[in-house]
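Please take a moment to look over the sequence and the model before reading on.

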Amino acid sequence: MNDSILFTDVRVFDGTGRDPFPAEVLVTGNRVAAVADRVPADQRAAARVIDGGGGTLIPGLVDAHAHLGFGSTVEHRSPRRDEPDEEKALLVAHAGRVLLDHGITSAYSGGNRLPRTEIAARKAFAEGWMPGPRFRAASWEGSAGMVEPGVYDFPGIDGRASEPESVRKFVAEMTDLGVDIVKLSLSGESAVVQGTSRIVQFSDEEVAAAAATARERGVWLTAHAHAAESIKMAVRHGIRAVYHCTFADEEALDLLEAARDRLFVAPTPGIIHANLYEADSEPEPGMEVEETRRAVMEVVPELVRRGVRVVPGGDYGFPWNPVGRNMRDLALFVEWFGFTPAEALRAATQYGGQIMGMGDELGLVAPGYLADLVLVDGDPLADIAVVQDRDRLVAIMKDGRLHKAPAS
Ligand SMILES: [Zn+2]
């Protein structure tokens, strides 16, 4: 039995952003063993050879805002949100396989109404008997007061007593379930409940309580944050992943920049694009979709200029924005935010490994790194959209195992 695979005749995009270079890549077990002009004869002797045909070998892609539980993929549309829990669990497993089929070998969850389903999926994916990405599981998005987590029906903090204790309890309960990430909806969401994106839903004391509990219990916090004050609150309390960042003002930008070594921003262009152009009905004005698009198109280039790590992940999982389309975010990074294709790919690979908390062993094609690799038939640096086409991803490897091998 051989456990080595040698990719020959490939150009390697190693994830750092440097130009692709011709090389051979040897995988032994679940790690990259060598990246060289030509791997020495004694190392290649026992390896299975995959002729890359001049394609581009890139690190496995990472989605930083994945929803396995929203129900819809490119293969199966599930507009209902009220399936029985058992069916939802199957949809989660299905979504994991669809992600892997699209070269997404790692995913950082953006929340799940049934966290246990993705905790179970995380285990099955890691054990390898069910196809799916490396996975960081999340709680549902806690909303203010924790009356009914995940329902954006809170009009604002006016008139509501601050409840740090209930927030602390939410974080502790989610941690006990086994999540890696607890998510707080610090602002509302106009696309769900019109006119709420600029409303801050939590008090400062509540977020402080969440942060202290998360630190004690060793979980990460993610913030859903459109409103400027909600972004500032997230940064001040050390929240690690800040989603959207739509209406960041100058002070919020300064805070994000100062914290750039410890946080990530995911602006979620995919869902904005889908709400504008692919939903069944025209967006209502109160959904602020166009305002959101204009705002992130200004904010994101400024964040990049300030050295903040901006990562892809666009809320895929809705019927009009299905799982599997995730890497359209990269094309939108280029079109909307002015990234070069290499910068967009770096965000999905090197920074992806970092947001997974595995930056020293995930996200690069480099000796010693975990062998999560995608062989692309084509040059994603010439056309970033090629990574959206599963037929052009001719080999997909996760943890040294070929999920997809080239047709021979
Ligand atoms: Zn989301």
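Two residues are said to be in contact here if their C-beta atoms, placed from the backbone, lie within 7 Å. By that criterion, and leaving aside its neighbours within four places in sequence, V386 is in contact with V376, G378, P380 and R392. The model is a predicted one, and V386 is found in its loop between β15 (373-376) and β16. Is V386 buried or exposed? V386 counts as buried because it has 20 C-beta neighbours inside 10 Å, and the cut-off for a buried residue is 20 or more other C-beta atoms within that distance. As for a residue elsewhere in the chain, V386 and S185 stand 201 residues apart in sequence, and their C-alpha atoms are separated by 34 Å.

From this loop we can turn to the division of the chain. The protein chain is divided into domain 1, which is made of residues 4-59 + 363-404, and domain 2, which covers 61-355. The C-alpha centres of domain 1 and domain 2 lie 30 Å apart, and 22 residues of domain 1 are in contact with 27 residues of domain 2. Which elements give two or more residues to the side of domain 1 that touches domain 2? They are the strands β5 (56-59), β16 (393-398) and β17 (401-404), and the largest share of that side, three residues, comes from β16. Sorted by class, the side of domain 1 that touches domain 2 has 12 nonpolar, six polar and four charged residues.

The nonpolar interior comes next. In soluble globular proteins, nonpolar side chains tend to be buried together. In this model the largest nonpolar core has 127 residues, and those with the most contacts inside it are V25 and V242. Helix α2 (residues 85-101) supplies the largest share of this core, seven residues, and the core draws at least three residues from each of domain 1 and domain 2. Once its neighbours within four places in sequence are left aside, V25 is in contact with F7, V10, V12, V32, V35, L57 and V365.

Seven of the nine residues of helix α6 are buried, so the helix is largely enclosed by the rest of the structure. The buried residues of α6 are A228, S230, I231, K232, M233, A234 and V235, and what covers them includes α5 (204-217), β11 (220-225), β12 (241-244) and α7 (250-258). G238 follows α6, and its phi is positive, near 75 degrees.

Helix α10 (residues 328-337) is mostly covered, with seven of its 10 residues buried. Which residues of α10 are buried? They are R328, D329, L330, A331, L332, F333 and F337, and the buried residues of α10 pack against α8 (269-277), α9 (289-305) and α11 (341-348). G338 follows α10 and has a positive phi, near 80 degrees.

Two packed helices are described by the angle between their axes and the distance between the axes. The axes of α8 and α9 come within 10 Å and cross at roughly 145 degrees, and this crossing of α8 and α9 is left-handed. The contact is made by P269, I272, N275 and L276 on the α8 side and by V289, T292, R293 and V296 on the α9 side. By class, the contact of α8 with α9 has five nonpolar, two polar and one charged residues.

Two loop residues complete the walk through the model. T268, which lies in the loop between β13 (264-266) and α8, has phi near 55 degrees, a positive value in a residue other than glycine. T268 counts as buried because 26 other C-beta atoms lie within 10 Å. D315, placed in the loop between β14 (309-310) and α10, has a positive phi of about 60 degrees although it is not a glycine. Why does D315 count as buried? D315 is buried because 25 other C-beta atoms lie within 10 Å.

Technical notes
Residues numbered from 1 in each chain as written. Predicted model: local features only at pLDDT ≥ 70, side-chain atom pairs only at ≥ 80, totals over all residues. Buried ≥ 20, exposed ≤ 12 C-beta atoms within 10 Å, placed from the backbone. Helix = DSSP H or I, 4+ residues; strand = E, 2+ residues; numbered from the N terminus. Core = buried A, V, L, I, M, F, W, Y, C linked by C-beta atoms within 7 Å. Domains from an automatic or database assignment. Axes fitted to C-alpha atoms, helices over the stretch in contact; angles between N-to-C directions. Left-handed = near helix turned anticlockwise from the far one by under 90°. Nonpolar A, V, L, I, M, F, W, Y, C, P; charged D, E, K, R; others polar.
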